[in-house]
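Subject: Structure for your review

Dear colleague,

Please find below the structure that I am handing over to you. I would be grateful if you could look through it alongside the notes in this message.

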Amino acid sequence: MDVKRQQTITGIVERIRTPHTIRVMTKVTKIHPLYRKRFTQLRRYLAHDPEGTAKVGEEVIIGVCRPISKSKHWTLLKK
């Protein structure tokens with residue numbers, strides 16, 4: 001049987017909203033298919049931080065989990 005791996009993302013903590021919620025920002029550099037110009041694409045994810053240990057500016061790893069609220073579908077795995 002094939003074991004499905006959990007999807008993870010590495011990013012930087014951008015903001016701490018409430019006691020158990022952090023906003024993680026990721027940057028991806030892509031090349032436009034027609035014009036061949038490089039551009040940076042930013043994505044922001046809301047993640048659940050159960051202990052409240054993450055600080056702004058730290059690099060963290062988040063993983064997919066069950067929906068915790070309307071916009072939180074990620075949880076903090078490692079600091």
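The notes below go from the whole chain to its core and then to individual residues. Please bear in mind that this is a predicted model.

Overall architecture

The protein chain contains five strands and zero helices, and from the N terminus its elements follow the order β-β-β-β-β. Its radius of gyration is 15 Å, well over the 12 Å that the globule rule gives for 79 residues, so the chain is more spread out than a compact globule. Along the principal axes, the C-alpha trace spans about 45 × 40 × 25 Å. Of the 79 residues, 25% count as buried. Among contacts with a separation of 6 or more, 48% are made by residues 24 or more positions apart.

Surface and charge

The protein chain exposes about 6300 Å², and carbon and sulfur atoms supply 52% of that area. There are 18 positive and 6 negative side chains, and the centres of these two sets lie 10 Å apart.

The nonpolar core

Which residues form the largest nonpolar core? It has 11 members: Ile-9, Val-13, Ile-22, Val-24, Tyr-45, Ala-47, Ala-54, Val-60, Ile-62, Trp-74 and Leu-76. At least two residues of this core come from each of β1 (8-16), β2 (21-31), β3 (38-48), β4 (59-64) and β5 (74-78). Setting aside residues up to four places away in sequence, Ile-9 touches Thr-26, Tyr-45, Val-60, Ile-61, Ile-62 and Trp-74.

Thr-26 lies in strand β2. Is this residue buried or exposed? Thr-26 has a relative accessible area of 8%, and a residue counts as buried under 20%, so Thr-26 is buried. Apart from residues up to four places away in sequence, Thr-26 touches Ile-9, Thr-10, Gly-11, Gln-41, Leu-42, Arg-43 and Tyr-45. Ile-9 and Tyr-45, both on that list, are also members of the largest nonpolar core.

Thr-40 belongs to strand β3. Beyond its neighbours within four places in sequence, Thr-40 is in contact with Lys-27, Val-28 and Thr-29. The C-alpha atom of Thr-40 is separated by 30 Å from that of Pro-19, and the two residues are 21 residues apart along the chain.

With kind regards

Methods
Residues are numbered from 1 along each chain as its sequence is written. This is a predicted model: local features need pLDDT of at least 70, side-chain atom pairs count only at pLDDT 80 or more; totals for chains, interfaces and linings use all residues. Side-chain values use heavy atoms; hydrogens and water are left out. Helices (H or I, at least four residues) and strands (E, at least two) are DSSP runs, numbered from the N terminus. The radius of gyration is taken over C-alpha atoms; the globule rule is 2.2 Å times the number of residues to the power 0.38. Buried means under 20% relative accessible area, exposed over 50%, partly exposed in between (1.4 Å probe, protein chains only). Contact means heavy atoms within 4.5 Å. Accessible areas come from the Shrake-Rupley method with a 1.4 Å probe; for residues, only the protein chains shown count as cover. Lys and Arg count as positive and Asp and Glu as negative; His and the chain ends are not counted. The place of a charge is taken as NZ of Lys, CZ of Arg, CG of Asp or CD of Glu. A nonpolar core is a set of buried Ala, Val, Leu, Ile, Met, Phe, Trp, Tyr and Cys residues joined through side-chain atoms within 4.5 Å.
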